[in-house]
Amino acid sequence: MATGTEMHVVMEAKGKAKGRTPKGLGDDDLKALFRAMLFTRLFDQRGMNLQRQGRIGFFVPSMGQEASQIGTGYAMGNKDVLYPSYRTHSLALLKGVPLKVLYDQLWGNATDLVKGRQMPNHFAIPSINWVSISSPIGTQISQAAGAARAAQIRGDKDVAVWAWFGDGGTSSNDFHAGLNFAGVWKAPCIFMCENNHWAISVPEEMQTASVSFADKAVAYGMRGVRVDGNDVLAVYEAAREARDRAIKGEGPTLIETVTFRMGPHSSSDDPKRYQPPELFEAWQKRDPIDRYREWLEAKDLWSKDEEEALAAELQKEIATAVEAAESTPAPDVETVFDDVYAELPKMLIEQREALRAQIKASGAIEDGGGAFPL
Ligand SMILES: Cc1ncc(C[n+]2csc(CCOP(=O)(O)OP(=O)(O)O)c2C)c(N)n1
């Protein structure tokens, strides 16, 4: 596989639909990749709409980056540990996490796994070894290096640790500390740099003077691979190879997926204020879903009818989960006192009593339970 600045590609550009099938992928796998990419696109569209309708407070879309994320996610093993970024809910969709788990978190309701204490899109999903997302950029990179080192010391078999971050994340201290130690330890870690060309409004050329992000691996004595991030098969192949090397003790890999954020940074941002429209139009022509659909159709593996049926099924699943999460009450206000101390200190017991009295006096909640309209 090409390393450094050379780009790894499997599928030809949209409109040509050529390219071999990567080793180890059968027809069902090829369709599963498409399903997960489409699911991600639909989840994103719905997420943005829900935010615009004022039903959730915040959303981070991943439109345009589906191949980069699903291609890496498909290469993961069941015991692998994930340190995702706030833009990678696709990985949970791919791994079959019930949709209600994700929507509960977006609403921060009573059944939300993190009890409404995190920003929307900052999931923590223990059932798939998904470690809680932290907002400060880059922190997951050094955490992943540490977790990989721990797995190595324990002698865990068939476990790789993955960290996803953006091009902006490579300017953080954690990137350098994490890659340095992972390199020194030959830890089973895969560093996934999704180069979507923008860190909010900061373009790639203001982020680094390096020829590529993959090049940075050289300084840490690890393998660096640059891959076409809109080519799901190329991403899968690069990720698969990196994982194989990691679990064989051959050391970590830095993978740069070259892709594009085809939407805002988050629901709070308007890319039209800093991105030239021609750039968006150029990348739209390389849409990873359109490109992969064409490839599948050329191989007689996909049809318009199949896609319509799949989209209808996924939309129905989304609608059901949205309704269930939206109608779940907010966490009981008293839960703010839980989970920090094994035994609540006297000072907090007093504060809880004061809160109860205040709620009662306000008449907001008759029975003292349920949501308090703060
Ligand atoms: C330490 C830190 N500095 C600044 C921010 C504000 N911030 C949030 S997202 C972001 C851009 C990150 O860009 P990148 O790493 O390229 O990832 P992308 O959002 O493009 O996926 C910034 C600067 C932050 N969350 N943490």
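This is a predicted model: local features need pLDDT of at least 70, side-chain atom pairs count only at pLDDT 80 or more; totals for chains, interfaces and linings use all residues.
1. Residues are numbered from 1 along each chain as its sequence is written, and side-chain values use heavy atoms, with hydrogens and water left out.

2. The largest pocket holds about 420 Å³ of space, where a pocket is, on a 1 Å grid over the protein atoms alone, an open set of points that fit a 1.4 Å probe, with protein on both sides within 12 Å along at least five of seven lines, and lining residues have an atom within 4 Å of a point. Its lining has 29 residues, with Tyr86, Arg87, Ile137, Gly166 and His265 nearest the centre.

3. Around the ligand are 14 residues, of which Tyr86, Arg87, Gly168, Gly169 and Trp198 are the closest, a residue being near if one of its heavy atoms lies within 4 Å.

4. Polar contacts are pairs of N or O atoms within 3.5 Å. Oxygen atoms of the ligand lie 2.6 Å from a side-chain N or O atom of Tyr86, 2.7 Å from a backbone N or O atom of Gly168 and 2.9 Å from a polar backbone atom of Gly169.

5. The second largest pocket holds about 210 Å³, and its lining includes Arg261, Met262, Asp270 and Phe280.

Conventions. Grid points are joined across faces, edges and corners, and a volume is the space filled by probe spheres set on the points. A polar contact is a pair of N or O atoms within 3.5 Å; within protein, one must be able to donate a hydrogen and the other to accept it, and residues adjacent in sequence count only if both atoms are side-chain atoms.
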